[in-house]
Amino acid sequence: MILEFPPYYSKFQCVAGNCPDTCCRDWELDLDDETYYRYQVVPGPLGEKIRGLIREEDGYRFFPLTKEGFCPFYDGSDGLCGLIKKLGPDILCQACDEYPRYFGCCGNYEQRDLSLSCPEAGRLFFETPGIPRILRVELPDSEEQDPLTKEETDRLQAVLAERNRVLESLRGAAGEDLEEALKAAGIFFPAAPQEVADLCNKQEEMNTRWEAQKAGILAAAAHYADWNEAFVRAVPKEQDWFFKLAAYFVFRYWIDAYFAENEELDFAPQIRLTCRCLVQLRLMCLAAFHEKGHFTVEDMVWTAHLFSRQVEHSDQNVALFKH
Ligand code: SF4
């Protein structure tokens, strides 16, 4: 079993009540079967409440959000999960337990990372300068994994080699112009600010703050040249942050080429996704900078958090950006 992950992955710890947002907002998570059956035997009024709240639609089970958009077990008085407080962390469903970690698995290979939609993960990500080196750990194979065929192994190795080549190229160009670095790495797609802003109206709405973010993106696209010049002048660290973001998208999405149906490996969807994501993030940064008159690493963490919730947590929006 081969695991690959960035160094900040194992440093993550949820800050719960100290989180500036909460993952208990806006998301209706699927209840996995194992959790569902565990919930059937929780005793007393809490067990009855849990079972009474579960809804089932199209084969998925979930807790509907409150009218304010929170998980019904979120306790707004302290920002903690009411289920954990009463029953301990083992009661969580798989999605809540794993978040913000995500896993990409092929046979005995697994890549792991943290989603920037979690502000604490974003803090770990942005506060360490430079593009992190991916760590590789070999563990004994588990019997649960289906071994890959020779063709599948070759395909996976080709994807990982291409991903590593791109990451190395970006690392070598850090400090230079990002567009030139993307071109040198062979992953540049000319995503114009207005084109990316136009995609806003086609995106699935993933959070209750999307309308306000959309207005900011449209304004930033309309004033792109002026707002970007002011931003670059006032926020020198933006260059490091955007190189790191480019590397984050490459690490996260290049593996998708392995699963694509085409026989020949094609990274064009991942390239379009990466370049459009970088432009939407920049537009969101410009809007925040224009509104506040300054932009700190905390603002970068917050912007990436809102972006990731809106785009990365929707299969529909990811597909839109890849197309
Ligand atoms: S968003 Fe991250 S830090 Fe905040 S409550 Fe969720 S897991 Fe914890």
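## Helix crossing, sheet and ligand shell

Reader: Is the crossing of H13 and H14 left-handed or right-handed?
Author: Here the two helices (DSSP runs of H or I, at least four residues, numbered from the N terminus) come first. With the near helix turned from the far one by less than a right angle, anticlockwise counts as left-handed and clockwise as right-handed. The crossing of H13 and H14 is right-handed.

Reader: Good start! What kind of model is this?
Author: Residues are numbered from 1 along each chain as its sequence is written. Local features need pLDDT of at least 70, side-chain atom pairs count only at pLDDT 80 or more, and totals for chains, interfaces and linings use all residues, since this is a predicted model.

Reader: How do H13 and H14 lie to each other, parallel or oblique?
Author: H13 covers residues 268-292 and H14 covers residues 297-310, with axes 10 Å apart and an angle of about 130°. Axes are lines fitted to C-alpha atoms over the stretch in contact, and angles run from 0 to 180 degrees between N-to-C directions. Under 35 degrees is roughly parallel, over 145 roughly antiparallel, 65 to 115 roughly perpendicular and the rest oblique. H13 and H14 are therefore oblique.

Reader: Which residues of H14 meet H13?
Author: Contact requires C-beta atoms, placed from the backbone, within 7 Å. On the H13 side stand Gln280, Leu281, Met284, Cys285 and Ala288, and they meet Asp299, Thr303, Ala304, Leu306 and Phe307.

Reader: On to the open sheet: which strands stand at its edges?
Author: The 4 strands run in the order E6-E7-E1-E8, with mixed pairing. A strand (E) has at least two residues, and a pair has at least two DSSP bridges. Those with a single partner strand, so that one side is left without a neighbour in the sheet, are E6 (101-106) and E8 (135-138).

Reader: Last one: which residues surround the ligand?
Author: A residue counts as near if its C-beta atom, placed from the backbone, lies within 6 Å. The ligand is surrounded by Cys14, Val15, Ala16, Cys19, Asp21, Thr22, Cys23, Tyr99, Pro100, Cys118, Pro119 and Glu120.

Conventions
Two residues are in contact if their C-beta atoms, placed from the backbone, lie within 7 Å.
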